[in-house]
Amino acid sequence: MQAKGNIEEEFFLNSMNVEKVFAFLDRTDYFFLYHIKKCMETSKLKDGVYLSELAEFMDFPMAELSVTVKKLQEKGYVNWNTDMEEERTYITLTNKAKDLMERQKRHMIDSYEKIVTNIRKEDMETTLLTLGRIRQLIEETRPQEDSDSQ
């Protein structure tokens with residue numbers, strides 16, 4: 001019999017570990033780069049996105065987004081610029097980020113194709129419904145922010 005805590009840890013570390021599909025970029029980095037790219041499609045800028053647009057697009061606090069963008073810049077994934085006419089900052093994706101995102105996307109597509117060709121449709125539907133319910137339950141058990149820290 002496994003000790004209390006081991007089963008739960010194994011479930012989240014091994015059974016639910018989607019991080020393994022992220023071979024070229026960290027999942028969090030890919031998440032933000034993906035949203036930057038999507039936001040750029042509707043941005044007022046031709047080759048970038050204003051930080052304020054991105055914050056609104058992602059429904060993410062500007063201060064936290066600034067910290068994340070700084071980290072992405074340090075990794076060489078984005079360039080942070082200033083639009084002197086508008087007196088606003090904007091970001092662009094670097095060629096490094098575009099290349100890694102394309103490689104990561106291809107890897108995810110290949111992984112997904114392998115899954116759907118090796119698992120019956122009914123099993124996939126059941127699995128996706130179950131995972132959706134698991135996400136919902138995890139969200140319900142998420143610790144609430146302490147009202148004293150606000």
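Guide: Helices (H or I, at least four residues) and strands (E, at least two) are DSSP runs, numbered from the N terminus. This is a predicted model, in which local features need pLDDT of at least 70 and side-chain atom pairs count only at pLDDT 80 or more, while totals for chains, interfaces and linings use all residues. Residues are numbered from 1 along each chain as its sequence is written, and side-chain values use heavy atoms, with hydrogens and water left out.

Visitor: How many helices and strands are in the protein, and what pattern does the protein follow along the sequence?

Guide: The protein has six helices and three strands, in the order α-α-β-α-α-β-β-α-α. Of its 150 residues, 25% are buried (under 20% relative accessible area; exposed is over 50%, partly exposed in between, with a 1.4 Å probe and protein chains only).

Visitor: Which residues other than glycine have a positive phi?

Guide: Most residues other than glycine have a negative phi. Here Asp59 has a positive phi near 55°, and Glu87 has one of about 55°. Asp59 sits in the loop between helix H3 (51-58) and helix H4 (62-74). Glu87 belongs to the loop between strand S2 (78-83) and strand S3 (88-93). Asp59 counts as exposed because its relative accessible area is 70%; Glu87, at 71%, is exposed too.

Visitor: Which side chains meet in a salt bridge?

Guide: Side chains of opposite charge can pair when their charged atoms come close. The rule asks for a side-chain nitrogen of Lys or Arg within 4 Å of a carboxyl oxygen of Asp or Glu, and by it the count comes to seven salt bridges. Among them is the pair Glu139 and Arg142, at 3.1 Å from N to O; Glu139 is partly exposed, at 46% relative accessible area. Another joins Glu122 to Arg120 at 3.9 Å. Arg120 is exposed, since its relative accessibility is 52%, whereas Glu122, at 47%, is partly exposed. Arg120 and Glu122 also belong to a network of salt bridges with Asp123.

Visitor: Which residues line the second largest pocket, and what is its volume?

Guide: Rolling a probe the size of a water molecule over the atoms shows where empty space is left. On a 1 Å grid over the protein atoms alone, a pocket is an open set of points where a 1.4 Å probe fits, with protein on both sides within 12 Å along at least five of seven lines; lining residues have an atom within 4 Å of a point. The second largest pocket has a volume of about 230 Å³, which is the space filled by probe spheres set on the points, joined across faces, edges and corners. Its lining includes Tyr30, Tyr34, Lys38, Glu41 and Lys105. Helix H2 (27-40) and H5 each supply at least two lining residues, and H2 gives the most, with five. The lining divides into five nonpolar, no polar and seven charged residues (Ala, Val, Leu, Ile, Met, Phe, Trp, Tyr, Cys and Pro count as nonpolar, Asp, Glu, Lys and Arg as charged, the others, Gly among them, as polar).

Visitor: What distance separates the closest N and O atoms of Glu41 and Lys38?

Guide: Those atoms are 3.9 Å apart, and the two residues form a salt bridge. Glu41 is exposed because its relative accessibility is 55%, while Lys38, at 32%, is partly exposed.
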